[in-house]
Amino acid sequence: MADNKNLSIGVDLGGTKVAVGLCNNGEILEKSVLPTQASSGFDGVISTILQAVKTVVGDIPLKDIRGLGIGAAGQINPDSGEVIYAPNLNWENAPLGKTLETALNLPVKVLNDVRAATVAEQKFGNGKGLSNFGNIFIGTGVGSGWVINGQLLNGTTNSAGEIGHICLDPDGPVCGCGKHGCLEAYSSGTGMENYVKAELKKGRKSIISEMVNNDINAVRGPIIGKASQQNDELAIEAIKRVGYYLGIALANVHTLLNPEVVLLGGGMMALKDIFMPVLEETMKKHILPVANKGILIREARFQNDAVLLGGAAIFA
């Protein structure tokens, strides 16, 4: 294995766990998952990453590895490898890339986590061979990465393509970012949960109330999903609402950027059977007719290991 010149290391750096993999052209050869221990501060997290790297590399000399790529949540400067702001780690202006380069004597690149997942799709997944596509992760929030003319889109301040924070209604619900009416406030798991909670507080009847023993704060996405399987009206409405607003956003994106396809991934895809038909119907209603050609939406190929594979793919 040490003779293979396509070996690279991918890191998925999250608030609760660090996943590190030794990869070869989109295949994970060895993997280690450890608690991030974010409470131990920057140095503690670095130690955790280095420990996991040592585990996956084993006896392979580091000189035989092309580089280490990291996908991390938050605002990243991909040129310097600095984490500008990561609320899940409580970091500001953290020199992640340079610190690991010094410790390992390896080239290191740092990307936003969804952009890293987009690189995985571009090189090895359902974006392979495409010059223009988007990759949207719908989970607790809504994140996205975009490839335009074959290049990952960063923008002037490395914040291009943040579809979760485009405004759909300035008088809409409050988003986690503090602004009103963002797509994330409607089409994320959190947005869906908040809608159900608000309806229950208004006195809306639903089996969800019984499922949470009338503790509205206990409402979670999986519970809404289970209620929908029992044809609960509120649950189905809340899930379809996710598709409706995502459909409007994607129609706008297709009009603006005209991608070949938009890939969808993330935990909310577990409810795709309910929201996807609404998404497609809404998108086609609002899209420019000239852009409404062929298959406009596909599932992302990679789910759980997308960020790790994307980090490694930077050097593949």
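**Exercise 1. Aromatic rings**

Which residues form one aromatic cluster?

*Solution.* The model is predicted, so local features are reported at pLDDT of at least 70 and side-chain atom pairs at pLDDT 80 or more, while totals for chains, interfaces and linings use all residues. Residues are numbered from 1 along each chain as its sequence is written, and side-chain values use heavy atoms, with hydrogens and water left out.

Step 1. State the rule. Rings of Phe, Tyr and Trp (for Trp, its six-membered ring) pair if their centres lie within 6.5 Å; planes under 30 degrees apart count as stacked, over 60 as edge-to-face, and the rest as tilted.

Step 2. Examine the pair of Tyr 186 and Tyr 245. Their centres are 3.9 Å apart with 20° between the planes, and the pair is stacked. Tyr 186 belongs to helix α4 (residues 183–187) and Tyr 245 to helix α8, so this pair ties together parts that are 59 residues apart in sequence. Helices (H or I, at least four residues) and strands (E, at least two) are DSSP runs, numbered from the N terminus.

Step 3. Examine the pair of Tyr 244 and Tyr 245. The ring centres lie 5.0 Å apart and the planes stand at 85°, so this pair is edge-to-face.

Step 4. Determine the exposure of each ring residue. Buried means under 20% relative accessible area, exposed over 50%, and partly exposed in between (1.4 Å probe, protein chains only). Tyr 186 has a relative accessible area of 3% and is buried. Tyr 245, at 21%, is partly exposed, and Tyr 244, at 37%, is also partly exposed.

Tyr 186, Tyr 244 and Tyr 245 form one aromatic cluster.

**Exercise 2. The nonpolar cores**

*Solution.* Step 1. Define the term. A nonpolar core is a set of buried Ala, Val, Leu, Ile, Met, Phe, Trp, Tyr and Cys residues joined through side-chain atoms within 4.5 Å. In soluble globular proteins, nonpolar side chains tend to be buried together.

Step 1. Describe the core. The largest one holds 38 residues, and those with the most contacts inside it are Ile 136, Ile 163, Leu 250, Leu 264 and Phe 275.

Step 2. List the contributors. Two or more residues come from each of β9 (133–138), β10 (142–148), α5 (189–201), α7 (221–229), α8 (233–257), β12 (261–265) and α9 (272–286).

Step 3. Contact means heavy atoms within 4.5 Å. Apart from neighbours within four places in sequence, the contacts of Ile 163 include Ile 136, Trp 146, Leu 183 and Leu 250.

Step 4. Note the other core. A second, separate core has 32 residues, among them Val 57, Val 83, Leu 100 and Val 108.

**Exercise 3. Helix α9**

Describe the span of α9 and the packing of its buried residues.

*Solution.* Step 1. Compare the spans. The expected span of a helix is 1.5 Å times one less than its number of residues. With 15 residues, α9 reaches 20 Å from its first C-alpha to its last, close to the expected 21 Å.

Step 1. Name the buried residues. In α9 they are Phe 275, Met 276, Val 278, Leu 279, Thr 282 and Met 283.

Step 2. Locate their partners. These buried residues pack against α8, β12 and β13 (297–299).

**Exercise 4. Strand pairing**

Determine how β2 pairs with β1 and with β3.

*Solution.* Step 1. State the criterion. Two strands pair if DSSP finds at least two bridges between them.

Step 1. Consider β1 and β2. Strand β1 (residues 7–13) pairs with β2 in the antiparallel sense over seven bridges. A hairpin of three residues joins these strands, and Ile 9 has Leu 22 in β2 as its bridge partner.

Step 2. Consider β2 and β3. Strand β3 (residues 27–35) pairs with β2 in the antiparallel sense over eight bridges. Lys 17 stands opposite Pro 35 in β3. The hairpin has two residues between the strands, and Asn 25 takes a positive phi near 50°.

Step 3. Check the burial of β2. Seven of the eight residues in β2 (residues 17–24) are buried.
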